[in-house]
Amino acid sequence: MYKGVNAFANPLRTGITNFFSTSIKRTVNNKLTFATGYTQLRKMSSVTGFYIPPISFFGEGALEETADFIQNKEYKKALIVTDPGIAAIGLSGRVQKMLEERGLDVAVYDQTQPNPNTGNVLDGLKVLKKQDSEIVVSIGGGSAHDNAKAIALLATNGGDIGDYEGLNRSKKAALPLFAINTTAGTASEMTRFTIISNEEKKVKMAIIDNNVTPAVAVNDPSTMFGLPPALTAATGLDALTHCIEAFVSTASNPITDACALKGIDLIQESLVNAYNDGSDKKARTDMCYGEYLAGMAFNNASLGYVHAIAHQLGGFYHLPHGVCNAVLLPHVQEFNMECPKAKKRLGEIALHVGASQAIPEETIKALHAFNRTMNIPRNLKDLGVKTEDFGILAENAMKDACHVTNPVQFTKEQVVAILKQAYEY
Ligand SMILES: NC(=O)c1ccc[n+]([C@@H]2O[C@H](COP(=O)([O-])OP(=O)(O)OC[C@H]3O[C@@H](n4cnc5c(N)ncnc54)[C@H](O)[C@@H]3O)[C@@H](O)[C@H]2O)c1
Ligand SMILES: [Fe+2]
């Protein structure tokens with residue numbers, strides 16, 4: 001075991017049915033249908049499952065630890081899935097070398113696009129089939145992991161990735177996935193979500209499936225020292241959004257609350273430091289833990305309307321996921337104050353997000369101020385969103401699986417009002 005690496009084993013990986021077992025599927029006319037238990041999904045049944053990967057490695061040296069782990073399992077053929085940026089800075093090459101030194105034959109798919117699309121999945125699958133890979137190793141942020149998850153799922157289940165949109169629709173385990181994270185972040189390296197864009201329909205499909213949970217999640221802060229400030233801010237604010245949406249979610253529970261609150265604290269204390277000095281080891285390490293805790297929270301309590309709307313902006317205009325979330329977060333939470341429980345909870349996190357008073361209105365102000373500290377675009381207008389698209393964006397957000405656990409079920413008019421407020425702010 002390398003010094004500084006912590007292994008986190010999950011003894012509770014069970015097949016217990018929880019609220020996520022409800023079946024959601026987008027039909028041919030692009031509508032989501034809730035085949036069973038919509039109420040169960042919103043309220044949490046009497047049985048609660050808790051899902052995280054069986055093993056996670058943290059700390060400097062976690063890459064070597066992962067390579068040793070793969071060697072000890074005696075795998076011989078691995079497919080690396082990454083993106084052109086990660087390949088250009090040599091991060092995927094570093095991992096490829098480690099695996100080859102341990103006797104593995106390595107194939108590489110390095111053309112994953114930000115907001116990965118169905119074409120990326122098919123192209124990666126071709127490389128996998130040619131090599132007959134036994135495992136998949138993803139290196140990057142959410143885009144590389146999501147593409148790798150989809151490839152690993154199709155490798156064993158067949159069909160198109162769109163067939164698995166919704167909840168737990170696959171029958172077989174995916175190929176083992178070793179997810180090496182380089183942003184902090186989406187937490188995709190540890191979640192059971194994969195988000196794939198359907199470019200034709202201009203929507204992002206949410207596949208929520210226990211079978212896409214990585215076998216091993218890896219967070220080595222040394223891979224993040226070179227993450228530029230703007231990407232550090234965007235990905236870190238995505239993680240903060242995960243914490244807050246999970247904390248006010250209708251499916252939150254004491255475990256997800258604990259994860260969300262600790263995640264908020266770590267992100268609040270370390271994100272600006274990581275933004276100002278990318279090589280700040282403590283800040284990068286704390287962000288790894290913060291984003292992972294955020295993942296533990298939303299992987300089990302799900303999300304809300306920030307993500308439901310952000311997915312549409314990503315699908316429509318190819319905008320970065322974290323930036324969309326950061327811009328929308330204060331506005332959606334302001335509208336969520338219509339729900340007394342959510343309002344109370346937004347007050348509870350005020351001091352955690354840097355507000356001076358423990359009241360919900362101050363939380364909203366602090367979130368706006370936090371965005372400004374890191375030069376996040378002020379509004380949707382600055383992101384190039386078009387007012388004439390508000391109607392279709394709202395309709396599609398209301399079909400996104402993430403909206404189901406939002407504390408308020410908004411009407412289309414309310415979603416348009418959120419978009420308008422976030423546009424004009
Ligand atoms: N599956 C999930 O649980 C989940 C959750 C939230 C978001 N997502 C999805 O994740 C995607 C966004 O992922 P992301 O925000 O991590 O960005 P990303 O993976 O799209 O990466 C953005 C850019 O950052 C670069 N980059 C990444 N790490 C770097 C590093 N260490 N140094 C230098 N450059 C680096 C990449 O090359 C890329 O150009 C979206 O498609 C979103 O929908 C998935
Ligand atoms: Fe996210």
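Student: Where is Asn115 placed in the chain?

Tutor: Asn115 is in the loop between strand S6 (105-109) and helix H5 (118-131). Helices (H or I, at least four residues) and strands (E, at least two) are DSSP runs, numbered from the N terminus. This is a predicted model, in which local features need pLDDT of at least 70 and side-chain atom pairs count only at pLDDT 80 or more, while totals for chains, interfaces and linings use all residues. Residues are numbered from 1 along each chain as its sequence is written, and chains are lettered from A and ligands numbered from 1 in the order in which they are written.

Student: Why does Asn115 count as buried?

Tutor: A residue is buried if 20 or more other C-beta atoms, placed from the backbone, lie within 10 Å of its own, exposed if 12 or fewer, and partly exposed in between. Asn115 has 22 C-beta neighbours inside 10 Å, and therefore counts as buried. The phi of Asn115 is near 55°, a positive value in a residue other than glycine.

Student: What is the phi of His318, and where does His318 lie?

Tutor: The phi of His318 is near 55°, again a positive value in a residue other than glycine. His318 belongs to the loop between helix H10 (305-317) and H11. With 15 C-beta neighbours inside 10 Å, His318 counts as partly exposed.

Student: How do you know that Asp382 and Lys281 are partly exposed?

Tutor: Asp382 has 13 C-beta neighbours inside 10 Å and so counts as partly exposed; its place is the loop between H13 and helix H14 (390-397). Lys281, in helix H9 (residues 281-301), has 14 other C-beta atoms within 10 Å and is therefore partly exposed.

Student: What makes strand S7 largely enclosed?

Tutor: Six of the six residues of S7 (residues 135-140) are buried, so the strand is largely enclosed by the rest of the structure. Ile135, Val137 and Ile139 are buried on one side, and Val136, Ser138 and Gly140 on the other.

Student: Why are S8 and S10 called edge strands?

Tutor: Three strands form an open sheet of mixed pairing in the order S8-S11-S10. S8 (166-167) and S10 each have a single partner strand, so one side of each is left without a neighbour in the sheet. S8 and S11 (residues 203-208) pair in the parallel sense over two bridges, with Gly166 opposite Ile207.

Student: How do you know that the buried residues of helix H12 line one face?

Tutor: The buried residues of H12 (residues 340-348) are Ala342, Arg345 and Leu346. Seen down the helix axis, they fall within an arc of 100°, so they line one face; the arc is that of the directions from the axis to the C-beta atoms. Pro340 and Lys344 are exposed on the other side.

Student: What makes a residue part of the shell around ligand 1, and which come nearest?

Tutor: The C-beta atom, placed from the backbone, must lie within 6 Å of the molecule. Of the 32 residues around ligand 1, Gly85, Gly141, Gly142, Ser143 and Ser188 come nearest. Helix H6 (142-157) is among the elements giving two or more residues, and gives the most, with four. The shell draws at least three residues from each of domain 1 (6-223) and domain 2 (230-424), whose bounds come from an automatic or database domain assignment.

Notes
Two strands pair if DSSP finds at least two bridges between them.
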